[in-house]
Amino acid sequence: MTDATPAEPTAGQIRDLSKGRDMIVCEDVSKWYGDFQALDKVSATIKEQEVVVVLGPSGSGKSTWIRCINRLEIHQEGRIVVDDVELTNDLRNIEKVRSEVGMVFQQFNLFPHLNILDNVSLAPIWVRKKPRAEAESQAMALLERVGIPEQAQKYPGQLSGGQQQRVAIARALAMEPRIMLFDEPTSALDPEMIKEVLDVIKTLALSGMTMMVVTHEMGFAKEVADRLIFMEGGQIVEENTTELFFSNPTEDRTKLFLSQIL
Amino acid sequence: MGGFGIGSRNSAVVPAANVPIAAPPEALKLPPREWVKANLFSSPFNSVLTVLTTVVLLAIFRGFLAFVFDPVRQWDSTATNLQLFMTRAYPDEQYIRIWFCVAVILILTGVSMAVWRAGSAMPTAAVGHKLLGTGALLALLALLAPFSASATIQWLVAGLAVAATGEVLRRSPGKGEDERTVSTLTVLVIALAGLVASLWVVPYGHHTYIANRVPRVLAEPGTVALTTKLPWTVMLLIVVAAYFAGRLMRDRLPANPIRATLMVLWLLAPPVLVYLVLRDPDFDIGHVVGTDLPIFLAYAAGGAALLSWLTRPLTGEAGRIIAVLILLVGFCTFLTPMRMVVRIDMLMLAVFALAAPTFAGGPQARKRYAVGWLGVLGVASWLITSINTPSTVEVPGGFFIGGLSITLMVAVFTIVFSFPLGIGLALARTSSMPIFRHLSTGFIEIVRGVPLITILIFFSIMVPLFLPAGMHLDEVTAVIIGYVLFSSAYLAENVRGGLQSVTRGQHEAADAVGMTTAQKTVFIVLPQALRVSIPPLVGHCIGVFKETSLLAIIGVFDLLYIARIVIPGQTEFMGSARENLLFVSVIYWIFAYQLSKASQRLERRTGLGER
């Protein structure tokens with residue numbers, strides 16, 4: 001990759017991922033809501049251990065796309081293959097893909113009637129069929145990693161937004177996923193809580209997780225992403241390595257977007 | 001995902017532990033005179049309103065007292081017929097069965113109260129406050145009621161004594177840290193003990209109605225009969241003992257198994273007590289060993305083997321196909337002559353098989369599931385056998401029990417059975433599968449469009465005519481089935497409201513971690529939906545309890561029927577309907593109010609994580 005090494009090498013710039021396995025392959029994915037076309041022939045490939053950040057203005061289809069990848073939304077045309085499993089209407093494939101793909105939502109979506117420990121350990125116990133004791137000790141270890149083991153017995157409503165989002169990350173990691181999807185993980189947070197969540201995501205990226213992140217945090221994107229994808233109107237406008245995307249965008253629309261946002 | 005640790009704990013917004021927190025200012029408490037001035041006489045209009053309301057309330061209260069204490073009231077019709085009110089004509093020589101049932105319920109209550117830590121600390125000042133209020137009410141009653149002078153003085157003295165005790169309690173306790181408190185359970189037990197003790201001391205009189213004797217009404221002065229006061233004393237001791245036993249269990253044993261056991265016992269108690277204890281089936285051992293036992297054993301062995309195969313994680317979705325096949329076979333059995341118990345067992349097995357993939361897991365989980373099947377099958381077989389066996393309790397005219405007992409029995413069975421059915425209907429109605437959705441919608445709309453009385457009459461008269469030859473269903477059981485169907489349709493709509501309140505994000509979060517639809521429903525959607533539905537569901541339960549009085553129309557001797565028809569029909573108490581109607585409405589109110597309070601407690605309890 002590029003040799004223009006800045007003072008601090010970032011994750012993307014020191015890794016060569018071109019030989020990695022294809023984890024997510026999208027070919028001409030299209031989707032409509034009624035007459036409105038939300039995705040228009042989106043094609044992209046994400047390699048193992050790669051961190052891809054998806055940017056774009058509101059309504060550009062980035063959330064729709066990322067939600068298609070674990071079939072929370074159903075694409076109507078094209079192919080999506082996740083870890084060699086194609087997403088079709090076959091329920092078994094969908095459940096297999098979903099248990100391999102962790103997802104973190106903008107609104108956290110923790111289960112309000114369960115305490116933090118149960119939030120994290122429920123899926124391993126019932127989906128992965130782990131013994132309860134093992135699942136709970138794993139959950140505690142994950143809570144330790146995201147920095148909030150002392151909250152294990154509390155309920156989501158008693159935690160701050162940043163803490164809730166970190167629990168949501170722990171919940172996704174408890175399924176030991178091979179891919180993590182982040183759908184605007186910091187958009188619903190107060191400014192002072194954004195950092196604590198981004199820190200967790202950063203360490204996760206450095207640990208070699210394959211990740212796709214929809215975000216508006218440019219600093220974070222610059223620091224963590226191997227590659228950036230810029231979308232508008234349901235289409236991919238530009239796709240480039242982090243370095244080139246910021247230093248030398250090719251499309252006019254990207255330049256405009258960057259000039260407005262930076 | 002190697003070693004990734006994170007140091008963002010510092011940036012979390014955990015408040016520092018040692019920052020002194022300013023105590024909130026104590027609520028401004030006005031002295032009584034100021035309070036009255038600020039709240040009741042703040043403006044001329046308010047003053048007029050206060051005076052007017054007080055006058056109207058006093059007039060109503062006085063009218064009510066004039067009714068109750070009118071010398072023409074035949075209150076001995078109520079006192080004499082208390083046994084009739086409670087159980088109707090359940091034979092005296094078997095009455096120990098009734099007390100056994102009461103004891104079992106009280107033991108469960110006592111242990112559960114201890115295990116679930118019922119009761120809370122109540123400041124003695126609050127107890128004093130309540131006593132003061134009660135005393136004041138008694139004094140007011142003494143002044144307003146049409147008593148003779150001596151009676152007025154007696155009631156007045158009693159009221160003032162209660163009020164004085166309350167005032168002493170109210171003033172004595174310290175403030176803040178050393179505020180004296182007393183458990184609400186202690187208060188409750190003291191009150192109950194007072195009531196029970198009064199049975200031994202106060203000359204309520206000994207009233208009994210004896211049908212086969214002349215004169216039939218027995219009225220002696222003195223305290224109540226030994227057969228009344230002794231059992232109630234024992235019951236009080238039992239419930240207190242059970243509470244302390246429950247505390248021991250709570251402290252010595254792990255919490256979850258005890259709670260699970262208690263829940264199962266609570267669910268088992270109604271059918272077992274009614275059909276095995278009160279009904280006292282006269283088992284035919286030859287038939288039981290020759291027919292019922294082999295059927296049970298076949299299903300136990302076959303079912304356990306099948307289910308332990310189905311709960312292997314490897315079996316996966318293939319299990320559902322087998323489950324559906326069993327279900328189909330189960331329905332087909334209705335086309336051929338066959339013992340009812342074979343069909344029912346088959347349908348139960350199909351339900352277990354359908355749920356099996358959801359509960360799949362390691363050896364432990366599989367064993368638990370098989371044991372669950374054996375337990376359910378055992379209880380069901382036992383009950384079916386005993387329901388099919390004639391009862392030794394012979395009571396002329398209809399069901400063997402009546403009065404409050406049958407009111408409670410029908411209400412409890414209806415509520416218990418219509419919950420799973422109603423939840424199932426609600427889930428079916430919101431399901432994405434069109435067959436379920438249309439069937440459920442059709443059922444709900446049809447049942448809701450028909451008056452309850454129609455359904456009750458249909459089930460009591462028509463259904464027995466449609467049954468295949470050789471099959472009997474006693475009238476009360478048939479009516480309960482009809483009532484369950486009616487109630488579940490309404491319950492389903494309440495639950496559906498709750499289901500709709502679960503946000504899309506919750507569904508997506510459950511999907512995103514790979515849960516199956518069944519797991520999502522059981523662990524995520526239903527708990528939240530039911531919590532939201534608590535108020536309408538409890539309202540529904542209260543309605544079901546009160547509407548059991550419609551059973552009177554099809555000739556069941558329930559509480560209201562006895563008060564309205566049976567007692568006023570006794571030659572000794574002609575036309576005593578009004579007293580008895582007042583009495584039963586107080587009983588209905590007590591139960592309905594307790595349900596309502598239980599619902600408030602439940603809401604507070606389940607609101608724990610919400611903030």
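**Strands in chain A, cores and helices in chain B**

A:Cys26 stands opposite A:Ile80 in strand S4 of chain A. The model shown here is predicted.

**Strand pairing in chain A**

- Strand S1 of chain A covers residues 22–33, and strand S4 of chain A covers residues 77–82.
- S1(A) and S4(A) run antiparallel, and five bridges join them.
- S4(A) has another partner: strand S5 of chain A, residues 85–86.
- S4(A) and S5(A) also pair in the antiparallel sense, over two bridges.
- Here A:Val81 stands opposite A:Glu86 in S5(A).
- S4(A) and S5(A) form a hairpin, with two residues between them.
- A:Asp83 sits in the turn and has a positive phi of about 50°.
- In a regular strand, side chains alternate between the two faces of the sheet.

**Chain B as a whole**

- Chain B contains 23 helices and four strands.
- Its C-alpha atoms fill a box of roughly 85 × 85 × 50 Å, taken along the principal axes.
- Of the 611 residues in chain B, 38% are buried.
- Take the contacts in chain B with a separation of 6 or more: 76% of them link residues 24 or more positions apart.
- The accessible surface of chain B comes to about 33,900 Å². Carbon and sulfur atoms account for 71% of that surface.
- Chain B carries 44 positive and 31 negative side chains. The centres of these two sets lie 8 Å apart.

**Nonpolar cores**

- The largest nonpolar core has 61 residues.
- The residues with the most contacts inside this core are B:Tyr90, B:Phe400, B:Ile401 and B:Met409.
- Helix H18 of chain B, residues 475–501, gives the most to this core, with 11 residues.

**A buried threonine in chain B**

- B:Thr385 lies in helix H14 of chain B, residues 363–388.
- Why does B:Thr385 count as buried? Its relative accessibility is 14%, and buried means under 20%.
- Not counting residues up to four places away in sequence, B:Thr385 touches B:Phe283, B:Val288 and B:Asp292.

Methods: Residues are numbered from 1 along each chain as its sequence is written. Chains are lettered from A and ligands numbered from 1 in the order in which they are written. This is a predicted model: local features need pLDDT of at least 70, side-chain atom pairs count only at pLDDT 80 or more; totals for chains, interfaces and linings use all residues. Side-chain values use heavy atoms; hydrogens and water are left out. Two strands pair if DSSP finds at least two bridges between them. Buried means under 20% relative accessible area, exposed over 50%, partly exposed in between (1.4 Å probe, protein chains only). Contact means heavy atoms within 4.5 Å. Accessible areas come from the Shrake-Rupley method with a 1.4 Å probe; for residues, only the protein chains shown count as cover. Lys and Arg count as positive and Asp and Glu as negative; His and the chain ends are not counted. The place of a charge is taken as NZ of Lys, CZ of Arg, CG of Asp or CD of Glu. A nonpolar core is a set of buried Ala, Val, Leu, Ile, Met, Phe, Trp, Tyr and Cys residues joined through side-chain atoms within 4.5 Å.
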